[in-house]
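Subject: Structure for your review

Dear colleague,

I am handing over the structure below, and I would be grateful if you could read the notes that follow with the model open beside them.

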Amino acid sequence: MPAQLNTSIMTGLPIRMPTDQNGYYRKQHKHSRSSYSESSPLANSRNNSLTFRPPKRLMSAPDKTIAIINASGRQAASLIRVATAVGYHVRAQLRNLEGVVATEVSTNPNVTVIVGDLYVRHKPTAENRDVTQNGPLSGVGVNHELISNLFRGAQLAFINTTFYGDELSIGKALADAAKKANIQHFIYSSMADHAAYNKDWPSLPLWAVKHKVETYIRQLNLPATFVYTGIYNNNFTSLSYPLFCMELQDDGSFVWQAPFHEHAKLPWLDAEHDVGPAILQLFKDGVAKWRNERIALAYEYLTPTEACDLFSRGVGRPVRYVRGPIDIKVRIPAGYRQQLEGLEQLFKLDERDPKKQPPYFGDAKLERNCPTEALELWEGPRGLEEYAREVFPLEEEENGLTWMFDDEEVDINDEKLNIAATIVEQLRLNDDSDDSDSDDDDGLVMGGLKRTAEHWLA
């Protein structure tokens, strides 16, 4: 598929300012105050940054092109923002041009966009008719032409495969194409197959396939580095999505219910803010330093209780953690349901000893590096408290919620019902019923307002 070249010029990334429809500054959310106190010297530097700019230093632009897939996902979009800002060129694959992030990427003058899926559909053959755990998906192939085009002229690659299509076959094809194109540094966003570390632990389907792709990349002896991303701060929502629903209560507080032990540490990451700078530093350091290394990309290592305490401080409301089963209130695709069922088996509710909870990344040694190794790559992360204060209310508002406004009298029950009705209606379009012949073959597909799975989980 031919690449779609950009001809538009973008003068800068959009900054979301609190203005009304007439352009006047509107009253801020109750909790969207600055990260710094008025007495902090950082407050003046941040406020003055819009009016005072030091003279720019002359810098040579890096003569490098980065190949990136799933460019509207949080990880990829974060890297594109940072890399293009300092002069790298990007060849970015997008499934389509819909949405705010896709528009941002496709209008960036340093990005060449290739629009299309990484998979193709074909008639099942005798060899691939049956769907097995390790075999190809029936009727779904690999878009080799697009993948070959993606790496044309590129020297670097950041690859985060997702559930669209046959992820294992696509991952292998991407590695083969990178090898053929002599990519100098191939960074793959991987995850653990827990069963590979302990036979008593279940494999989580959406993570185990990444482990298989990583294994294949190592077999090819690609000049590669592997990053393992922690739980996204951005996963939290008061919408009725399972696992990371921050459920709004009648008294205005929030409750997060999940199967994780309340006193066992978990790795955390603000994906859209901090993946880009860290990956860029890996490219700058070079493959000689990081070849075949696995890096825990997480900037906080917190128990669920600690995470809720930070979230509460940020959002200015009580936030309580409840250890319990994953509450599924809306219809979800089969692939995601299997992932959630695996999580409940892995993080057993009846295990009372927090030291016996399996490491999130599978490898305890890898988690011992949290967050030290990540901070060596990027020293300015956005923590969970700052996310809850400055970003969460904005994302919630864009999803149609109004709890963050001071002077609005809102019936929380009515608000939750209205939003839930919208979610159910939109998820209904992506139903996972067994007799459906729709996008279930592509893997996990979730929709609903601003929160699509492509942005959420990628």
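This is a predicted model: local features need pLDDT of at least 70, side-chain atom pairs count only at pLDDT 80 or more; totals for chains, interfaces and linings use all residues.

A polar contact is taken here as a pair of N or O atoms within 3.5 Å, where, within protein, one atom must be able to donate a hydrogen and the other to accept it, and where residues adjacent in sequence count only if both atoms are side-chain atoms.

Residues are numbered from 1 along each chain as its sequence is written, and side-chain values use heavy atoms, with hydrogens and water left out.

Of its 458 residues, 52% count as buried, where buried means under 20% relative accessible area, exposed over 50%, and partly exposed in between, with a 1.4 Å probe and protein chains only. The accessible surface comes to about 21800 Å², and 50% of this belongs to carbon and sulfur atoms; the areas come from the Shrake-Rupley method with a 1.4 Å probe. Among contacts (heavy atoms within 4.5 Å) with a separation of 6 or more, 74% are between residues 24 or more positions apart.

The interior can be described through its nonpolar cores, each a set of buried Ala, Val, Leu, Ile, Met, Phe, Trp, Tyr and Cys residues joined through side-chain atoms within 4.5 Å. The largest has 85 residues, of which Phe151, Phe186, Ile217, Phe236, Leu243, Trp256 and Phe311 touch the most other members. Helix 5 (residues 167-180) gives the most to this core, with 7 residues. Apart from it lies another core, of 37 residues, among them Val115, Phe158, Ile187 and Ile295.

Helix 7 (residues 271-285) deserves a look of its own. Its 15 residues reach 21 Å from the first C-alpha to the last, close to the 21 Å expected at 1.5 Å a residue, that expectation being 1.5 Å times one less than the number of residues. The buried residues of helix 7 include Val275, Ile279, Leu282 and Phe283, and the helix is followed by Gly286, whose phi is positive, near 95°. Phe283, with a relative accessible area of 8%, is in contact with Ile66, Leu79, Leu156, Ala157, Phe158, His185 and Ile187, leaving aside neighbours within four places in sequence. Phe283 and Phe186 are 97 residues apart in sequence, yet their C-alpha atoms are 9.1 Å apart in space.

Asn70, in the loop between strand 1 (65-68) and helix 2 (74-85), has a relative accessible area of 5%. Tyr321, in strand 15 (residues 319-323), counts as buried at 13% relative accessibility. A polar atom of the Tyr321 side chain lies 2.9 Å from the backbone oxygen of Ala258 and one lies 2.5 Å from that of Phe260. Not counting residues up to four places away in sequence, Tyr321 also touches Trp256, Pro259, Glu262, Pro304 and Cys308, among others.

As for charged pairs, the count comes to 18 salt bridges, a salt bridge being a side-chain nitrogen of Lys or Arg within 4 Å of a carboxyl oxygen of Asp or Glu. Asp117 and Arg95 form one of them, at 2.8 Å, N to O; this pair links distant parts of the chain, with Asp117 in the loop between strand 3 (111-115) and strand 4 (119-121) and Arg95 in the loop between strand 2 (89-94) and helix 3 (100-106), 22 residues apart. Another joins Glu262 and Arg352, at 3.8 Å, N to O. Glu262 lies in the loop between strand 11 (254-258) and strand 12 (266-269) and Arg352 in the loop between helix 10 (334-346) and helix 11 (364-367), so the pair ties together parts that are 90 residues apart in sequence. Of these two partners, Glu262 is buried, at 19% relative accessible area, whereas Arg352 is exposed, at 53%.

With best wishes

Technical notes. Helices (H or I, at least four residues) and strands (E, at least two) are DSSP runs, numbered from the N terminus.
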